Each structure stands twice: as structure tokens, then as C-alpha cells.
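Please look through the sequence and the structure shown here.

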Amino acid sequence: MEITNEEYILDRLKVKIYLFILPFIIFATGVGWTMDLLNSRIPITYDLFLFPILDVWLLFCFIFILVKRHLPRFLELTSFLFVTIIYFVWFANTLSVNLKEGSLSGGLGEFTNWVPLFFIFVFLIYNQKIALFIALSIFTTTLVIGIVMNYIYQQSFDVQTYDSLIQFYLSNATYIFALYFLQRLKTAFIQKEAIQQLANTDYLTKLPNRRYVERSLHQHIHNEQPFSIILFDIDLFKHINDTYGHDVGDKVLKEFAFLMKDNMRDKDIVGRWGGEEFIIIAPDLPVKQAASFSDRIRKLIEETQFTLEVKVTASFGVAEYKDKERVQDILKRADVALYLSKERGRNKVEIML
């Protein structure tokens with residue numbers, strides 16, 4: 001099943017959120033149940049079993065995400081089910097312990113601190129309508145638990161107890177509907193990001209397209225940032241298409257693009273300029289160093305086995321930005337250098353000063 005661009009962006013966003021928040025949750029819950037035991041409180045079910053098991057499970061999920069940069073849906077839903085069970089057990093136990101003492105005047109204590117995070121988790125893993133349904137179902141369940149406790153401990157209830165429970169349910173309802181509308185904003189943001197990415201990304205190679213590269217060139221010049229550009233294309237690419245077919249040609253372009261992305265510096269921009277032609281913007285790289293870098297890439301391409309063991313080489317033209325130069329001027333010099341490398345036998349790197 002093919003993943004849409006919007007789903008990919010959402011998955012990347014969720015990975016970042018989980019990697020940031022899971023260590024804090026693991027640490028906080030671990031400290032919480034450890035302090036309860038050290039303070040000689042009477043051990044209760046979620047202290048002795050549920051919270052330690054939850055911490056181990058969340059640590060496993062964190063390591064999995066850290067290694068794979070992805071959290072499978074099965075693990076995500078299993079985590080949600082586990083957390084939901086703890087949520088209900090903790091709520092029921094907190095009500096029971098406090099009401100046995102005759103009042104809920106002190107509120108629900110530590111439990112209420114984690115309620116917003118729980119509902120955030122609900123809206124993080126489900127889409128708007130399903131998340132709203134599940135959140136309201138959880139809200140209804142806690143309401144039923146409160147009514148049952150009311151029936152069991154009704155002789156102990158006072159005005160402050162009713163006030164605490166009403167405030168708890170009203171705050172929960174506020175969290176739910178606030179998160180519902182925030183998720184709508186999130187969805188709009190992700191759709192905007194997806195549209196922007198599609199507008200700036202080459203469909204076949206997933207590299208930045210010509211539109212994005214040209215804008216980046218103008219930005220570098222506007223910021224007066226020194227850079228070189230490397231213009232290069234695959235030698236005799238028409239021969240590859242004619243010999244092996246366009247499907248193989250497309251695979252070669254994809255593999256070629258992946259090879260480029262995998263061997264760039266973090267601050268370099270590599271994009272598809274058009275057809276079999278590509279471009280690199282190399283910030284803070286003088287022309288001679290850019291030529292050396294290009295030659296390393298050229299040798300790497302020559303030594304790489306592409307699909308069906310198709311032999312691939314590339315020719316390179318390098319030019320360095322000159323002060324007050326226009327985009328079309330540096331592009332023209334790089335294009336002349338690329339033409340020279342073709343004229344001089346291909347699979348070469350040429351510089352145009």
C-alpha cells in the first residue's frame with residue numbers, strides 16, 4: 001500500500017514527538033513509583049506492576065523508534081490500550097482511596113496532572129473523528145466510574161467532593177474539544193506542508209526540483225553567501241533508455257538520486273535540474289575544492305552497480321559564485337564547463353572561472 005505524502009509528513013512529525021516526549025514520561029513515571037515505595041506508602045497495584053511494566057514497554061518503543069525512525073501501528077495501538085487500562089485503574093483507585101477517607105476535598109491529586117497528556121496521546125494517534133469518539137468514550141467511562149463510586153460511597157460525599165468531581169469532568173471536556181480543534185489546525189498545517197513539498201520536489205527522484213533550486217540560488221546570492229555550483233548529467237542517458245527501456249532508465253535516475261543524497265554534506269543542496277541533468281549548490285566551497293568534491297562523486301558513480309548492472313558515468317561542470325553576479329551568469333558558466341567535459345570525452349570534471 002503506497003503511503004501518501006501527507007501520511008509521510010505526519011509519520012515524521014510523530015516520530016519527532018515520540019523521541020522527544022517518551023524519555024520524559026519514562027523518567028517521570030519511574031521517579032513517581034520509586035518515590036512512593038521509598039516513602040513507605042502502602043504498595044498498590046499500579047505502583048508495583050503497571051507503572052514499571054509501562055516504563056519497560058515505553059523504553060522498548062523508544063529504542064525501536066530511535067533505531068527504525070518509525071513506530072509501527074501495532075505498537076502504537078498496543079501502547080494506547082495499555083495506557084488506557086492504567087488510566088482507568090488509576091482513576092478508580094484514586095477515587096476509592098480518597099473516598100474511603102470520607103472526602104475528595106483535596107481533588108484527584110497526581111492523577112489530574114497526567115490527564116491532558118493522555119488526551120493529547122489520543123488525538124496524536126487517531127484522526128479527528130475517531131479521536132473525538134474515543135476521547136468521549138473514555139470521558140463517559142470515567143463518568144460511569146464516578147457514578148458507581150457515588151453509589152458505593154454516597155454516605156461519605158460532601159459539597160467539596162461533588163465540586164472536585166464536577167471540575168474534573170468539566171476540565172476533561174475542555175481538553176477534549178480544545179484538542180479536537182487543535183487537531184483540525186494540525187491537519188491543515190500538514191496539508192499545507194504536503195502541498196509545499198510536492199511543489200518543490202521532483203516526483204520521480206524525490207530530490208528538490210528546479211523551482212526549489214532556483215529559489216535557493218537567489219537566496220544564497222541575496223544573503224551574500226559564498227558558494228559553488230556543480231552542474232552534471234548522466235552520460236549517454238538516451239542510449240540507456242533506448243537499450244534497456246524507459247522503466248530501467250527511471251530506475252537508474254532513482255538510484256542515481258539516492259546515491260547523490262547519500263554522499264552530500266548536510267548543508268549541500270542537490271536537485272534534479274531537468275531530464276538526466278542534476279545540480280549541487282555547495283555553500284562555502286571554493287571552486288577547486290568543489291572540483292575535487294565533484295571528482296570524488298564522479299568516481300563513486302563510475303564504481304557503482306546500477307540496476308541490471310547498467311554502466312553509468314557522469315560529466316561535471318563547476319563554477320564559483322562571483323560578487324554581484326546574477327543567477328543566470330553563474331549557471332551559464334557552469335553549463336559551459338559541463339559542455340567542455342562532454343566535448344573532452346565525458347566522465348570528466350571541468351571548471352569555468
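A crossing is called left-handed if the near helix is turned anticlockwise from the far one by less than a right angle, and right-handed if clockwise. Helices (H or I, at least four residues) and strands (E, at least two) are DSSP runs, numbered from the N terminus. The model is predicted, so local features need pLDDT of at least 70 and side-chain atom pairs pLDDT 80 or more, while totals for chains, interfaces and linings use all residues. Residues are numbered from 1 along each chain as its sequence is written, and side-chain values use heavy atoms, without hydrogens and water.

Helix α9 (residues 246-262) passes α10 in a right-handed crossing. Their axes, lines fitted to C-alpha atoms over the stretch in contact, come within 11 Å and cross at roughly 140 degrees, on a scale from 0 to 180 degrees between N-to-C directions. The two helices are therefore oblique to each other; angles under 35 degrees count as roughly parallel, over 145 as roughly antiparallel, 65 to 115 as roughly perpendicular and the rest as oblique. Phe 256, Leu 259 and Met 260 of α9 meet Ile 297, Leu 300 and Ile 301 of α10 in a contact (heavy atoms within 4.5 Å).

Five strands form an open sheet with mixed pairing, in the order β2-β3-β1-β4-β5; two strands pair if DSSP finds at least two bridges between them. At the edges are β2 (269-274) and β5 (349-351), each pairing on one side only. Strands β1 and β4 run antiparallel and are joined by seven bridges.

Phe 133 belongs to helix α5 (residues 128-152). Its relative accessible area is 59%, which means that Phe 133 is exposed (over 50%; buried is under 20%, partly exposed in between, with a 1.4 Å probe and protein chains only).
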